[in-house]
Amino acid sequence: MDLHKKVLEHEDELIYLRREFHKIPEIGFKEFKTSEKIYKYLKDLGLEVEKITQTGVVAVLRGNEEGKTVMLRADMDALPVTEDTGLPFASENEGIMHACAHDGHIAMLLTAAKILSKQKDQIKGAIKFVFQPNEEDAGAKYMVEDGVLADPDVDAVFGIHLWAPIECGKVGIASGPFMGSHENFVLKIKGKGGHSGNPHTAVDPFLPMANIIQSVQMIQTREIDILKPTLIMFGQINGGTAPNVIPGELEVKGSMRYLYEGGDDSEECPEKRFERIVGNICKAHRADYELEFLPSNSTLINNEKTTKIVEKAAEDVFGKENIVNYVCMAGEDFAEFTAKVPGTFYFVGAGNEEKDCTYPHHHPKFDIDEDALRHGVEMHLKSVFSYLNK
């Protein structure tokens with residue numbers, strides 16, 4: 001079977017699907033219309049389809065021969081972003097936009113399912129098509145808890161992200177740590193309010209807060225090997241009521257990312273180091289604190305064997321010269337799947353300066369080069385056949 005030819009035969013529908021889903025973006029766990037369209041499409045293909053984890057959809061295709069089970073995943077949720085692309089198929093839902101290419105992920109996986117559903121006689125084993133809700137906030141964790149990796153038990157998992165930072169016609173792959181662990185934190189510094197003209201009668205929370213924001217940066221450069229990337233970023237500070245009032249409390253929110261397994265029992269233990277600095281600085285300034293970490297996803301680690309399958313497929317689709325060794329610190333809850341079964345997540349390039357597809361993900365003007373869609377479908381197909389029929 002000529003997979004490339006099969007994909008080209010479906011390209012018009014593939015682009016149509018992407019645009020239809022782009023029009024109806026919905027945020028995490030509210031992907032009701034999106035979910036219904038996906039469910040109906042898969043049912044019409046004759047697949048075993050069920051709903052899972054609120055708005056999630058799972059379909060199973062069983063080949064004519066017994067074998068292993070491979071899972072392909074697409075995320076469905078959009079972002080609370082007001083679209084400013086001017087596209088004729090722009091978002092019809094005010095304040096919500098597919099600004100991270102999930103519309104393309106849905107279209108690619110539906111198209112792959114359609115092509116594969118007509119090739120049961122060439123499939124040894126089973127294929128599970130998973131359409132995941134709420135990727136932006138750890139939806140994969142809940143799918144795993146709800147049994148998405150069981151019945152039939154998944155032996156390997158593959159996932160694609162269309163990626164504007166990589167030029168269309170190229171693909172980003174790497175074995176081992178691939179995307180960063182991500183967790184947010186909320187830190188409250190508790191002092192004692194007072195008059196700014198009499199600071200000695202108060203405990204000013206601004207001083208320890210300023211000291212903490214600067215001092216925790218040494219974790220990344222002085223305490224943890226710089227070859228093990230760690231990022232500590234602050235994104236929001238709340239507190240105070242007037243310029244001449246010392247507030248009793250300040251709150252700061254931020255994120256921590258790293259490209260290793262981490263945890264309190266690890267050599268790096270970045271959270272423990274963070275709290276040690278916070279506690280000592282607060283003590284020095286006579287202040288108290290409350291610190292909470294809110295895990296989003298763990299480090300995404302690609303399996304060596306499944307990554308070799310993806311690399312071989314990429315050589316066929318893109319050419320060896322267009323495979324980029326690519327690792328980034330963005331978070332991705334696909335890590336919940338690869339923590340349980342061998343798997344590989346990778347980036348299919350979707351950027352193109354000539355088509356004005358260079359805006360970063362989550363930007364109001366974000367768009368993709370739709371030529372990337374056919375690349376993604378072909379990668380899905382080749383990875384599946386390579387794994388199941390090897």
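The structure is a predicted model, in which local features require pLDDT of at least 70 and side-chain atom pairs count only at pLDDT 80 or more, whereas totals for chains, interfaces and linings use all residues. Residues are numbered from 1 along each chain as its sequence is written, and side-chain values use heavy atoms, with hydrogens and water left out.

Helix H9 comprises residues 304-318; helices (H or I, at least four residues) and strands (E, at least two) are DSSP runs numbered from the N terminus. At 1.5 Å a residue, its 15 residues should span 21 Å, and the end C-alpha atoms are 20 Å apart, which agrees; the expected span is 1.5 Å times one less than the number of residues. The N-terminal end of H9 is capped by asparagine 303, a side-chain oxygen of which lies 2.9 Å from the backbone nitrogen of lysine 305.

The buried residues of H9 are Thr306, Thr307, Ile309, Val310, Ala313, Ala314, Val317 and Phe318 (buried, under 20% relative accessible area; exposed, over 50%; partly exposed, in between; 1.4 Å probe, protein chains only). They cover an arc of only 150° around the axis, which puts them on the same side of H9; the arc is that of the directions from the helix axis to the C-beta atoms. Lys305 and Lys308 are exposed on the other side of H9. Among the elements that cover the buried residues of H9 are strand S5 (156-167), strand S16 (343-351) and helix H11 (371-388).

Arginine 286, whose phi is positive and near 65°, follows H8.

In the largest nonpolar core, which has 66 residues, Leu42, Ile127, Phe129 and Phe131 touch the most other members. Such a core is a set of buried Ala, Val, Leu, Ile, Met, Phe, Trp, Tyr and Cys residues joined through side-chain atoms within 4.5 Å. A second, separate core of 24 residues includes Ile166, Tyr326, Phe337 and Phe345. Beyond its neighbours within four places in sequence, phenylalanine 131 is in contact (heavy atoms within 4.5 Å) with residues including Ile38, Leu42, Met76 and Met143.

Methods
Polar contact = N/O pair within 3.5 Å; in protein donor to acceptor, adjacent residues only side chain to side chain.
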